[in-house]
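Good morning, colleagues. Please turn to the structure on the screen, and I shall begin at the ligand.

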Amino acid sequence: MADFDLIVIGAGPGGYVCAIRAAQLGLKVACVEGRETLGGTCLNVGCIPSKALLHATHSLHEAEHNFEKMGLKVARPKVDWTQMQAYKDDVVGTNTKGIEFLFKKNKVTWIKGWASIPKAGQVQVGDETHTARNIVIASGSEPSPLNGVEMDEDVIVSSTGALTLAKPPKSMVVIGAGVIGLEMGSVYARLGTDVTVIEYLDEITPGMDAEVAKTFKRILGKQGLKFVMGAAVSKAERKGKAAEVSYTLRKDDSAHQIKADIVLVATGRRPFTDGLGLDALGVEKEPRGQIRINGQFATNIPGVYAIGDAVVGPMLAHKAEDEGMAVAEVIAGKHGHVNYDVIPGVIYTAPEVATVGKTEQQLKDEGRAYKVGKFSFMGNARAKAVFQAEGFVKLLTDKDTDRILGCHIIGPAAGDLIHEICVAMEFGASAQDVALTCHAHPTYSEAVREAALACGDGPIHM
Ligand code: NAI
């Protein structure tokens with residue numbers, strides 16, 4: 001008899017959620033984690049610590065720019081970087097301990113160490129071999145290296161190093177205008193750092209609705225971020241205590257250099273499967289290195305499954321969580337399912353950016369007849385009251401049926417507002433369904449309803 005019904009490898013959002021759900025469904029479960037604490041990249045060096053720094057520096061921005069307008073006279077807040085780091089670490093610590101508590105509560109065994117799979121049904125951790133009827137690989141991802149750039153996590157850093165800089169630098173070059181680059185770039189810009197973002201493409205946040213991306217770039221520019229667009233970075237070298245970045249402008253092939261105290265490399269992530277022994281085991285992979293799975297999260301090796309950043313799809317904690325729950329259900333003999341058409345994406349800058357479903361470009365490419373309902377936060381009383389009226393809600397619906405196909409929001413609390421549309425999409429709702437739903441006044445969510453009204457007879461407050 002096997003030691004466990006299921007061993008999950010990795011305790012990030014995919015792995016720990018999978019372990020807890022499987023235990024709740026009556027399975028005997030262990031989860032192997034090599035880090036000192038549970039929670040994976042997201043909790044330890046990703047989503048959670050970055051949100052703490054975003055919150056702290058947004059508060060600074062509010063104090064510096066908006067307090068006086070509201071009749072609050074305070075001296076300009078001084079930044080105590082050591083305390084800000086301690087606050088961030090405390091937030092991380094509370095959350096990682098929370099998962100430890102949940103493991104105990106659900107009787108999930110935490111096996112400490114790095115796992116490999118010598119053969120199907122076996123997981124090796126250090127000198128010990130554990131047996132399991134099922135294995136789920138939830139080993140996550142790591143920053144992609146960039147040719148010509150060596151990250152020393154001191155002057156040339158990945159997102160991990162960017163969270164623990166010795167002090168806010170005078171200048172920073174961010175390579176890549178994706179989610180990480182813009183979130184961390186915002187943090188340091190608010191702290192007074194001169195931030196230059198260098199991006200290969202002509203627009204920031206590739207894949208995002210073009211109108212949102214354009215507005216987003218304009219707002220970030222007003223916040224002090226500088227952008228060099230259409231520029232391919234070929235080299236970043238440490239020069240003493242600073243670094244020099246070389247890039248070529250794609251439009252004319254001209255070569256340029258820029259110096260900065262810190263360089264943040266944010267050009268994407270790749271699956272992390274080192275040391276698992278997958279090649280020896282014969283696990284099939286996709287051309288870009290992800291573990292190949294079928295619709296039930298199963299690899300080609302019987303009893304071995306994979307989820308999260310290690311497989312194809314958006315590298316998002318909540319996508320991994322959903323897959324974690326679904327694979328636990330599959331293993332327990334139920335019908336786990338993930339609706340990949342309704343996975344929201346959020347960028348936690350100020351304003352926030354949130355998106356779900358199709359972009360206008362995708363609908364055009366598909367040759368689909370669609371309607372656009374747009375509403376600006378300028379027409380939203382609550383947003384105006386808190387100086388956050390820049391941005392808009394854009395709803396895309398099927399021209400004939402009015403069914404919601406996508407939603408793109410840039411504005412206050414966009415990351416929360418988007419979920420009304422996620423639920424609507426799960427129910428196959430039309431814009432009219434949202435428009436006919438009473439929304440409390442005064443809330444930001446009225447802007448979502450107005451965008452829905454804009455798909456029909458028109459909004460009221462525009
Ligand atoms: P990304 O894929 O979002 O953006 C990378 C950017 O770098 C792209 O715009 C790309 O064109 C550019 N780039 C690549 N090579 C370049 C070069 N040589 N020169 C100039 N520009 C170059 O990657 P990012 O921001 O590193 O994030 C990695 C993953 O983590 C993403 O999948 C993201 O979704 C996820 N993530 C999600 C967060 C959230 O949901 N809020 C927060 C942080 C990360």
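In this predicted model, 23 residues surround the ligand, and the closest are Ile180, Glu199, Val233, Gly268 and Val346. By residue class, the shell around the ligand divides into 16 nonpolar, 4 polar and 3 charged residues.

A polar backbone atom of valine 179 is 3.2 Å from an oxygen atom of the ligand. Glutamate 183 places a polar side-chain atom 3.1 Å from a nitrogen atom of the ligand. For glutamate 199, a polar side-chain atom lies 2.6 Å from a ligand oxygen atom. Taken alone, the ligand exposes 850 Å², of which the protein buries 78%. The elements that give two or more residues to the shell are helix H6, residues 179–190, and strand S12, residues 231–239.

I continue with strand S10. This strand spans residues 194–198 and is mostly covered, with 4 of its 5 residues buried. Strand S9, residues 171–175, pairs with S10 in the parallel sense over 5 bridges. Within that pairing, isoleucine 198 in S10 has isoleucine 175 opposite.

The next strand is S21, residues 392–398. How many of its residues are buried? The count is 7 of 7. Both faces of S21 are covered: Phe392, Lys394, Leu396 and Asp398 are buried on one side, and Val393, Leu395 and Thr397 are buried on the other.

S21 has partners to consider. With strand S20, residues 370–376, S21 pairs in the antiparallel sense over 7 bridges, and aspartate 398 in S21 has tyrosine 370 opposite. Strand S22, residues 404–411, also runs antiparallel to S21, and 6 bridges join the two. In this second pairing, lysine 394 stands opposite histidine 408 in S22. The hairpin of S21 and S22 has 5 residues between the strands, and aspartate 402 takes a positive phi near 75 degrees there.

I now come to the cysteines. A search of the whole structure finds 0 disulfides. Cysteine 407 is in no disulfide, and the nearest cysteine sulfur, that of cysteine 422, is 8.3 Å away. Cysteine 407 has 0% relative accessibility and therefore counts as buried.

Finally, some points of backbone geometry. The peptide bond from alanine 350 to proline 351 is cis, with omega near 5 degrees. Proline 351 has its place in the loop between strand S18, residues 345–347, and strand S19, residues 352–357. Histidine 441 and proline 442 are also joined by a cis peptide bond, with omega about 0 degrees. The loop that holds proline 442 is between helix H13, residues 431–435, and helix H14, residues 446–454.

With a relative accessible area of 39%, glutamate 153 is partly exposed. At 26% relative accessibility, alanine 413 counts as partly exposed.

Notes. Residues numbered from 1 in each chain as written. Predicted model: local features only at pLDDT ≥ 70, side-chain atom pairs only at ≥ 80, totals over all residues. Heavy atoms only, no water. Near = heavy atom within 4 Å. Polar contact = N/O pair within 3.5 Å; in protein donor to acceptor, adjacent residues only side chain to side chain. Areas by Shrake-Rupley, 256 points an atom, 1.4 Å probe, with all protein chains shown as cover. Nonpolar A, V, L, I, M, F, W, Y, C, P; charged D, E, K, R; others polar. Disulfide = S-S within 2.5 Å. Buried < 20%, exposed > 50% of the residue type's maximum accessible area, 1.4 Å probe, protein only. Pairing = 2+ DSSP bridges.
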